[in-house]
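Hello,

Here is the structure I promised to pass on to you. Have a look at it first, and then read on for what I found.

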There are 2 protein chains.
Amino acid sequence: MTNLERIWKDQLYQEFARIGKCLSSPKRLELIDLLAQGPKSVDQLSKITGMSVANVSQHLQTLHESRLVRFNKKGNYVIYEIAERSVADFMVSLHRLSEKQLVEVQRLKTEILQHHASMEPIALEELMVLMEKGEVLLLDVRPEDEYIMGHIPGAISIPIEQLEKHLATLPVNKEIVAYCRGPYCLMSARAVEILKSIGIKASRIEEGVHEWKRYVEHSNISPKEIL
Amino acid sequence: MTNLERIWKDQLYQEFARIGKCLSSPKRLELIDLLAQGPKSVDQLSKITGMSVANVSQHLQTLHESRLVRFNKKGNYVIYEIAERSVADFMVSLHRLSEKQLVEVQRLKTEILQHHASMEPIALEELMVLMEKGEVLLLDVRPEDEYIMGHIPGAISIPIEQLEKHLATLPVNKEIVAYCRGPYCLMSARAVEILKSIGIKASRIEEGVHEWKRYVEHSNISPKEIL
DNA sequence: CAACTATTCAATTGTTTTATTGAATATTTC
DNA sequence: GAAATATTCAATAAAACAATTGAATAGTTG
């Protein structure tokens with residue numbers, strides 16, 4: 001290899017590693033995951049994650065330097081969002097790889113399921129069948145703005161905090177399946193607990209919007225429009 | 001969010017970040033890319049990359065802790081390889097994301113093309129058409145063991161160092177298309193230079209085996225067996 | 001325009017990471 | 001079994017990073 005080639009390769013891999021650096025901090029990964037669900041301000045992110053505002057801001061700047069996120073200023077707020085859909089897709093890949101390779105991730109996932117008794121999720125495939133038959137109501141329990149940004153077709157939106165208030169409006173004859181931000185979000189599990197406690201037949205899927213997109217794109221099922 | 005939930009999430013993201021940490025060092029990324037082409041010993045990797053043996057060994061151990069690579073001992077050598085095909089796929093994703101988001105990567109790619117005059121690659125799609133017609137000979141210029149590990153169907157193997165010796169055996173009536181490890185490997189460019197210098201019509205694709213696999217899987221073209 | 005809010009900046013701390021060196025281990029070959 | 005080879009280990013020094021704090025900025029509301 002020529003010397004020039006070596007320098008070129010070093011520069012190139014230096015760049016790839018910039019993306020890698022963004023992924024090397026747990027806090028930053030959590031921020032990307034949250035932004036993948038929809039745009040959020042710095043202090044929203046600070047409140048959700050429990051990090052200090054300054055700390056969040058700093059992490060967001062790191063992410064911005066690698067062009068994984070972008071922002072708009074809206075009045076007093078700075079609203080960050082992921083730079084591209086492909087960033088969210090990439091995060092799904094990272095999670096899948098982590099689950100495949102790291103036993104510890106698998107262990108943590110089953111551990112939390114034991115705390116939420118009988119919260120075993122149903123398969124996405126199974127949900128599809130049930131929805132075809134119209135036997136099931138799909139419930140998106142994320143905050144409403146995330147639902148508006150994109151959701152699984154056919155789902156209705158009841159954010160988890162409002163679920164108890166809206167219990168009366170739910171059909172009694174249908175089974176309910178809840179979903180939230182994805183496999184590492186527990187809002188859908190909490191929803192199932194609430195629903196089951198008042199005698200409604202309920203379950204959850206562990207997939208979120210991005211995992212669902214990946215699923216339909218890989219299984220060649222007609223990729224319906226996202227409403 | 002409950003306190004327990006916060007702890008759980010922190011542990012989970014800590015784990016994801018372990019994979020991220022592996023990707024945060026340029027040298028480690030280069031090692032993964034090389035291993036994605038086929039198993040290699042520590043000192044092979046040391047020689048290819050120009051790093052010290054101890055340094056390579058240390059990086060490989062980091063990769064092993066995150067289960068991205070595995071190894072077998074063969075006599076005096078320790079042969080490392082990627083732990084799963086999905087690791088190679090993930091690297092393709094990372095490269096694609098980097099190229100999309102980082103202008104600097106795009107700049108570096110065009111920069112090197114100016115050094116190798118008229119090395120503009122042809123599209124994979126174009127190659128497929130040409131191969132259907134039988135108008136083209138596809139040449140894999142990587143080391144032979146990497147070819148044996150997996151190659152694009154229909155390709156023949158002539159490692160770049162042996163190309164000049166084997167020039168006589170090449171058909172004169174066919175155009176030749178060369179490929180190597182992927183978009184950041186310059187062996188195929190060197191091959192085209194050699195071929196053109198003696199008047200053979202030649203070009204290259206920038207894709208390697210993994211990029212090719214991704215291509216056929218996403219375009220639903222019959223995914224022929226890899227020979 | 002003064003008080004307030006959201007965000008960023010700058011400086012500091014303690015921690016991790018990287019590359020390097022030389023020694024230690026394990027396997028093979030003669 | 002001694003010499004040679006491939007790899008790992010351990011210790012070090014330099015560099016990069018993460019979280020924290022308090023001050024600075026910029027936009028908003030009364």
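Which atom of Val78(A) lies 3.2 Å from a phosphate oxygen of DNA strand C? A backbone N or O atom does.

Before the rest, some housekeeping. This is a predicted model, where local features need pLDDT of at least 70 and side-chain atom pairs count only at pLDDT 80 or more, while totals for chains, interfaces and linings use all residues. Residues are numbered from 1 along each chain as its sequence is written, chains are lettered from A and ligands numbered from 1 in the order in which they are written, and side-chain values use heavy atoms, with hydrogens and water left out.

DNA strand C

A residue is near a strand if one of its heavy atoms lies within 4 Å of it. On that basis 21 residues surround DNA strand C, and the closest are Asp43(A), Ser57(A), Gln61(A), Tyr80(A) and His59(B).

DNA strand D

DNA strand D is also surrounded by 21 residues, the closest being His59(A), Gly75(A), Asp43(B), Ser57(B) and Gln61(B). Sugar and phosphate make up 80% of its atoms that come within 4 Å of the protein. His59(A) places a polar side-chain atom 2.7 Å from a phosphate oxygen of DNA strand D, and a polar backbone atom of Val42(B) is 3.2 Å from a phosphate oxygen. A base is reached too: a polar side-chain atom of Gln58(A) lies 3.3 Å from a base oxygen of DNA strand D.

The two protein chains

In chain B, 54 residues are in contact with 54 residues of chain A, contact meaning heavy atoms within 4.5 Å. The area buried between the chains is about 5200 Å², of which carbon and sulfur atoms give 67%. Buried area is the accessible area (1.4 Å probe) that two parts lose on being put together, summed over both. Trp8(B), Tyr13(B) and Phe16(B) lose the most area on the chain B side, together 15% of what that side buries.

A helix pair in chain B

Helices are DSSP runs (H or I, at least four residues), numbered from the N terminus. Glu30(B), Leu31(B), Leu34(B) and Leu35(B) in helix 2 of chain B meet Leu45(B), Ile48(B) and Thr49(B) in helix 3 of chain B.

Best wishes

Terms used: Helix = DSSP H or I, 4+ residues; strand = E, 2+ residues; numbered from the N terminus. Polar contact = N/O pair within 3.5 Å; in protein donor to acceptor, adjacent residues only side chain to side chain.
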